[in-house]
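This report is intended for a reader meeting the structure for the first time.

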Amino acid sequence: MGSLVISDTYRTSLRDRPLTMVHIRASAGDRLRGWLTTDHATIPVALGRGGIKANKREGDGGTPRGTFRPIRLWWRADRNPRPRSFLPIRPITPADGWCEDPSDRHYNRPVRLDRGNDGDRLAREDHLYDFIIEIDQNTRPRIAGRGSAVFLHLARPKFAPTAGCVAMTKPAMLRLLARIGPQTRIVIG
């Protein structure tokens, strides 16, 4: 009599695994808009008012050219249910900010605004920062003046340019969040 073998392994669909790579490119003829392409989708995005720049500087409005990794998702828990993602997730509080002052020791890092720190408020009145994918642009090493607070976040109406981030619609963001993970490479340019 034969024996019955039950396997404890199973196959997962590629859609159930984190993406390996995401490409972001400017649109032909419009450097302020672009396309984010994954292995199964292409979505429109808004880019920085300075277009994609190889030599990113603080305040230039450029979206940095390069290869980056996502670090974490910041999300407005008071406005949206917790999204599905492979990324570590942190809710945004009214005290959360981001230091954009190159002379500050906390430059290009999250700060607590309730402790007297200056910075870009993450709990915005508009919905641009309802979901923020923090990337490792200018983090190791952090170089003063080489750009801060470069995120993937929600777009303004009609895909108006950003200050240097990559922005998309909420449905596109939720689809991306379900597939992006800490090892996903984000290639801009």
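The following paragraphs describe one aspartate and its surroundings, and then turn to salt bridges elsewhere in the chain.

The model is predicted. Within it, aspartate 130 occupies the loop between strand E11 (120–121) and strand E12 (131–135). Its relative accessibility is 4%, and because this is under 20%, aspartate 130 counts as buried. Two polar contacts involve its side chain: one of 2.6 Å with the side chain of histidine 127, and one of 2.7 Å with the side chain of arginine 79. When neighbours within four places in sequence are set aside, the residues in contact with aspartate 130 are Trp74, Trp75, Arg76, Arg79, Asn80 and Leu154.

The pairing of aspartate 130 with arginine 79 is also a salt bridge, with the closest N and O atoms 2.7 Å apart. This pair links distant parts of the chain, since arginine 79 lies in the loop between E7 and strand E8 (89–91), whereas aspartate 130 lies in the loop between E11 and E12, 51 residues apart.

In general terms, side chains of opposite charge can pair when their charged atoms come close. Across the whole structure, a search finds nine salt bridges. Three of them, including the one already described, are set out below.

| Salt bridge | N to O distance |
|---|---|
| Arginine 72 – glutamate 134 | 2.6 Å |
| Arginine 76 – aspartate 78 | 2.8 Å |
| Arginine 79 – aspartate 130 | 2.7 Å |

The side chains of arginine 72 and glutamate 134 meet in a salt bridge. Arginine 72 belongs to strand E7 (residues 70–75) and glutamate 134 to strand E12, so the pair ties together parts that are 62 residues apart in sequence. Arginine 72 is partly exposed, at 24% relative accessibility, whereas glutamate 134 is buried, with a relative accessible area of 6%.

A further salt bridge joins arginine 76 and aspartate 78. Arginine 76 is buried, with a relative accessible area of 8%; aspartate 78, by contrast, is exposed, with a relative accessible area of 57%. Arginine 76 is also one of the residues in contact with aspartate 130.

Technical notes: Residues are numbered from 1 along each chain as its sequence is written. This is a predicted model: local features need pLDDT of at least 70, side-chain atom pairs count only at pLDDT 80 or more; totals for chains, interfaces and linings use all residues. Side-chain values use heavy atoms; hydrogens and water are left out. Helices (H or I, at least four residues) and strands (E, at least two) are DSSP runs, numbered from the N terminus. Buried means under 20% relative accessible area, exposed over 50%, partly exposed in between (1.4 Å probe, protein chains only). A polar contact is a pair of N or O atoms within 3.5 Å; within protein, one must be able to donate a hydrogen and the other to accept it, and residues adjacent in sequence count only if both atoms are side-chain atoms. Contact means heavy atoms within 4.5 Å. A salt bridge is a side-chain nitrogen of Lys or Arg within 4 Å of a carboxyl oxygen of Asp or Glu.
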